[in-house]
Amino acid sequence: MATIILVLAAFGGVRWLTAGEHFTINAPAGASEKLPEGGYEVVVDLRSSEVHQELRTDRGAASVSTYVMPLDTSWDQVRSMVADQLDGWEPTGDCLGSDPQRARCTWTEPARWWPRRVKIVFIRPPNKAEDRAAWPDSTFLVIGSGLGSNV
C-alpha cells in the first residue's frame with residue numbers, strides 16, 4: 001500500500017512540475033518577431049494583452065510572443081502548424097476562423113491535473129482601404145502558452 005501511495009505522490013509531483021512550465025510552440029516558417037512600425041500596433045498590442053490575461057493562472061503569467069507574417073499566410077496554415085505541435089490537445093473556441101479580421105483558437109492539454117493551455121490569435125489587415133493605410137502588407141500572429149492550473 002505504501003508503494004502505491006509513493007507512486008501516486010511521485011506522479012502527482014512530476015505532473016505539478018510539468019504544469020509549471022510553458023509549452024513551447026515554434027513559430028511558423030516565414031514568421032519574424034521583428035515587427036514593423038505602423039498604425040496596426042494598438043490592435044496587435046491589445047490582442048497580445050488579451051492573451052496574457054486569458055492565460056494567466058494562479059501559477060503565474062503566460063508566455064506570449066507576437067510575430068509578423070507574410071500577407072498570403074492563411075489561418076488554416078497557422079492553425080494546422082500549431083495543432084501539429086499539440087498532439088492530442090483539445091481545441092476549443094471558434095477554431096474555424098470565421099471572423100474576417102481575427103481568428104483565434106485555444107487548446108487544452110489532455111491532463112486531469114493542472115492542464116496547460118495554448119492560445120493563438122491570427123490578425124489580418126482591415127478590408128477597407130482607408131483603414132488599411134497604416135498597416136503593413138502583413139498578417140500578425142500572437143501565440144500564448146499558459147501554466148497549468150485548476151482555476
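How many disulfides does a search of the whole structure find? One. A disulfide here is a pair of cysteine sulfur atoms within 2.5 Å.

Before the details, a word on the source. This is a predicted model, so local features need pLDDT of at least 70 and side-chain atom pairs count only at pLDDT 80 or more, while totals for chains, interfaces and linings use all residues. Residues are numbered from 1 along each chain as its sequence is written, and side-chain values use heavy atoms, with hydrogens and water left out.

Now the overall layout. The chain has four helices and five strands, taken as DSSP runs numbered from the N terminus (helices are H or I, at least four residues; strands are E, at least two). Along the sequence the pattern reads α-α-β-α-β-β-β-α-β. There are 151 residues, and 38% of them count as buried. Buried means under 20% relative accessible area, exposed means over 50%, and partly exposed lies in between, with a 1.4 Å probe and protein chains only.

On contacts, meaning heavy atoms within 4.5 Å: of those between residues at least 6 apart in sequence, 68% join residues at least 24 apart.

Back to the disulfide. C95 is joined to C105, with an S to S distance of 1.8 Å. C95 sits in the loop between β2 (90–92) and β3 (102–108), and C105 is in strand β3, ten residues apart. The torsion about the S-S bond of C95 and C105 is about 70°, so the disulfide is right-handed. Both C95 and C105 are buried.

Next, the aromatic rings. Rings of Phe, Tyr and Trp (its six-membered ring) pair if their centres lie within 6.5 Å; planes under 30 degrees apart are stacked, over 60 edge-to-face, and the rest tilted. The count by this rule is six aromatic pairs.

One of these is Y40 with W135, a tilted pair at 5.8 Å centre to centre and 50° between the planes. Y40 lies in the loop between α1 (2–19) and α2 (41–55), W135 in the loop between α4 (129–132) and β5 (138–146), and they are 95 residues apart. Y40 counts as buried because its relative accessibility is 2%; W135, at 12%, counts as buried too.

Y40 also pairs with F140, and this pair is stacked: 4.3 Å centre to centre, 20° between the planes. F140 is in strand β5, 100 residues from Y40, and F140 is buried as well.

To put those rings together: Y40, W135 and F140 form one aromatic cluster.
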